[in-house]
Amino acid sequence: MIWPFKPRPSKQIARIEITGAIASETRKYVLDALKTVKEKKFPALLLRIDSPGGTVGDSQEIYEALRRLQDEVKIVASFGNISASGGVYIGMGAQHIMANPGTITGSIGVILRGNNLERLLDKVGVSFKVIKSGPYKDILAFDRELTDEEQHILQEMIDVSYQQFVTTVAQGRNLDVDKVKTFADGRIFTGQQALELGLVDRLGTEEDARLWAAELAGLNPDKATCYDLDEPKPLLSRVLSRNQSKSKLRTTMDWLEFELKTNGQPLWLYRP
């Protein structure tokens, strides 16, 4: 006999999956999903993260929303293939973190990249005339080198962002700031190494994380199913995903779009 009633949210575990580069679209999806978790009163949330990181502001907003939800919901983060940089930052919004032994994680730090096409433009005979209100208005312009003063300004900005990252990791994991700085130099490490550093609590699979979330929320682990709060996809993405080669093309296009959108922005992003 098929039971005609769906499980109540109070007996289920909400599941949110964060994949790919973190940007404004990710933020919108996750914040809406977290709102649903609160409104439907799910007792636990399984946050699956498989991301190399992304933009600073979007990562911070997701983290803050998770922190606010902690008073009402048990949150377990599950690190997948990769949870680095901004992925780590978001994970700090969970009370508990589980990673696979071979998960690629870490890359705690900030990166900012710009393009210098000055030599290429000289070869083709192209130059720009710039009228600006101040000496730094065209900082990171692609047609010239940075000045020493501009490098100093940008380095200060990166240092401030880095300190925010380190402080959040220290608070989220109950570690001393100086201890975090010993491994927060951009390096990556495995889930096993992350456990030894205190960055994660346990090693295990996503299923292990689900069982843990059920235990924390006082649910029957054999009956507490996950309720997926999926990211809505446009029609074109759904069509492309049916074909693997087209899906790879879509992934490449997404990364190209992300690169163009974030050029010149500070990023919490692992760039191999």
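How many bridges join β2 to β4? The number is 7, and the two strands run parallel. The legends below cover this pairing and other close-ups.

The model is predicted, so local features need pLDDT of at least 70 and side-chain atom pairs count only at pLDDT 80 or more, while totals for chains, interfaces and linings use all residues. Residues are numbered from 1 along each chain as its sequence is written, and side-chain values use heavy atoms, with hydrogens and water left out.

**View 1. Strand β2 and its partner strands.** Helices (H or I, at least four residues) and strands (E, at least two) are DSSP runs, numbered from the N terminus. Two strands pair if DSSP finds at least two bridges between them. Strand β1 (residues 13-19) is parallel to β2, with 7 bridges; A14 stands opposite L45 in β2. β1, α1 and β2 form a right-handed β-α-β unit (with the strands pointing away from the viewer, the path from the first strand over the helix to the second runs clockwise).

**View 2. The two sides of β2.** Of the 8 residues of β2, 8 are buried, meaning under 20% relative accessible area; exposed means over 50%, and partly exposed lies in between (1.4 Å probe, protein chains only). In a regular strand the side chains alternate between the two faces of the sheet. A44, L46, R48 and D50 point one way from β2, and L45, L47, I49 and S51 point the other way.

**View 3. A salt-bridge network that includes R48.** A salt bridge is a side-chain nitrogen of Lys or Arg within 4 Å of a carboxyl oxygen of Asp or Glu. The structure holds 11 of them. R15, E17, R48, E206 and D228 are linked in a network of salt bridges. Between R48 and E206 the closest N and O atoms are 3.6 Å apart. This pair links distant parts of the chain, R48 in strand β2 (residues 44-51) and E206 in helix α8 (residues 206-217), 158 residues apart. R48 counts as buried because its relative accessibility is 14%, whereas E206, at 21%, is partly exposed. In the bridge of E17 with R15, the closest N and O atoms are 3.2 Å apart.

**View 4. The salt bridge of K38 and E72.** The closest N and O atoms of K38 and E72 are 3.7 Å apart. The pair links helix α1 (residues 24-39), which holds K38, to the loop between α2 (56-69) and β4 (74-84), which holds E72; the two are 34 residues apart. K38 is partly exposed at 47% relative accessibility, and E72 is partly exposed at 46%.

**View 5. Aromatic pairs.** Rings of Phe, Tyr and Trp (its six-membered ring) pair if their centres lie within 6.5 Å; planes under 30 degrees apart count as stacked, over 60 as edge-to-face and the rest as tilted. The structure holds 6 aromatic pairs. The rings of F42 and Y227 have centres 5.5 Å apart and planes at 35°, so this pair is tilted. F42 lies in the loop between α1 and β2, and Y227 in strand β9 (residues 226-228). F42 is buried at 2%, while Y227 is partly exposed at 32%. Y89 and F165 form an edge-to-face pair, 5.3 Å centre to centre with 80° between the planes. Both Y89 and F165 are buried. Y63, Y89, F165 and W268 form one aromatic cluster.
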